[in-house]
Amino acid sequence: MEKAEKPHVLGYGQLALVLGLLLILTGLTVAVSYVHLGFWNVPVALSIASLKASLVLLFFMHLKYEGRVIRYSFISTVLFLAVMIGFTFWDVAFR
Amino acid sequence: MWLFLYSEIILFGGLFVLYAVYFHNHAQYFAEGGKELNRVIGALNTIVLLVSSFTVAASITAIQREKKGQAIGLLLFSLFCGVIFLVNKYFEWGAKIHHDIYPNSATLQDGAPGLNIFFGLYYVITGLHGLHVIIGMVLLSISLAMILRNRITAARFSMLENSGLYWHLVDLIWIFVFPLFYLVL
């Protein structure tokens, strides 16, 4: 949270580029939802959402430029979430 | 701040697990419920939140470059986006309630249990998310006031940065809420 060193400054252009990508991906996820893919609908929607989330995290939230502590603790949070979801499904799917 | 964000991720993660399990059990009704939701408003709100996230990130850049006026303008615009989001949400919920779709309504109680669960989750998750939007707007307003009083400067902008992080988290959650509720099948 506290950073003594000089923080990384992202230019408006870079941020606008990220925003453009996010808007394109939003359009894509809406477009894909009209295509009937059966089982693959949800995984595709979630993959696009994860991609968007990564963009927000890396650039808007400066995660790309944070130190090791924040980077690894964030990854462990995501892993914990994955374990939670994974084990729940393990239970539900094979009950 | 990041630690708090982790706890928020797990909080919403838990709700998404709940969603996933019920989706597994009642996929057909979830698809039916999803069609009831207005995806135009949903998409509009997604764009509004993404743009506001961009302006918050840009306002941090502006502060780092000591452009106070730009930072204030960008933050005001972000707050405006937050208001638009909430107004859209108000109309959306209003339309649902008008169609007799709300927790404990006769339509849902007598209808299929899958639909009841879908709209229950819809109200809980979007409601909790809306609450986060309001909290995020309060934090951004405090940051705005601190910039006006020169309490946030290029040398110390932790408050703005952390409010921004919170605002991005709100955006992040919506990125997952939108496809799950509005676009299922």
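Reader: What domains does the domain assignment of chain A give?

Author: Domain 1 (10-61) and domain 2 (66-95). Such bounds come from an automatic or database domain assignment. The C-alpha centres of these two domains of chain A lie 21 Å apart. A word on the source: this is a predicted model, where local features need pLDDT of at least 70, side-chain atom pairs count only at pLDDT 80 or more, and totals for chains, interfaces and linings use all residues. Residues are numbered from 1 along each chain as its sequence is written, while chains are lettered from A and ligands numbered from 1 in the order in which they are written.

Reader: What span is expected of helix H3 of chain B, at 1.5 Å a residue?

Author: The expected span is 1.5 Å times one less than the number of residues. H3(B) covers residues 39-64, which is 26 residues. That gives 38 Å expected, and the helix reaches 38 Å from its first C-alpha to its last. Helices here are DSSP runs (H or I, at least four residues), numbered from the N terminus. Just after H3(B), B:Glu66 takes a positive phi of about 60°.

Reader: Why are H3(B) and H4(B) called roughly antiparallel?

Author: H4(B) spans residues 68-98, and the two helices pack at about 160°. Angles run from 0 to 180 degrees between N-to-C directions, with axes fitted to C-alpha atoms over the stretch in contact. Under 35 degrees counts as roughly parallel, over 145 as roughly antiparallel, 65 to 115 as roughly perpendicular, and the rest as oblique. H3(B) and H4(B) are therefore roughly antiparallel. Their axes are 8 Å apart.

Reader: What handedness does the crossing of H3(B) and H4(B) have?

Author: Left-handed. The term applies if the near helix is turned anticlockwise from the far one by less than a right angle; clockwise is right-handed.

Reader: How many residues of each class has the contact of H3(B) with H4(B)?

Author: It has 16 nonpolar, eight polar and one charged. Ala, Val, Leu, Ile, Met, Phe, Trp, Tyr, Cys and Pro count as nonpolar, Asp, Glu, Lys and Arg as charged, and the others, Gly among them, as polar.

Reader: What makes H6(B) roughly antiparallel to H7(B)?

Author: H6(B) and H7(B), residues 158-182, pack at about 160°, with axes 9 Å apart. That angle makes them roughly antiparallel. Their crossing is left-handed.

Reader: Which residues of H6(B) and H7(B) meet?

Author: In H6(B) they include B:Tyr122 and B:His129; in H7(B), B:Trp167 and B:Phe181 are among them. Contact means C-beta atoms, placed from the backbone, within 7 Å. The contact divides into 15 nonpolar, six polar and no charged residues.

Note on methods:
Contact = placed C-beta atoms within 7 Å.
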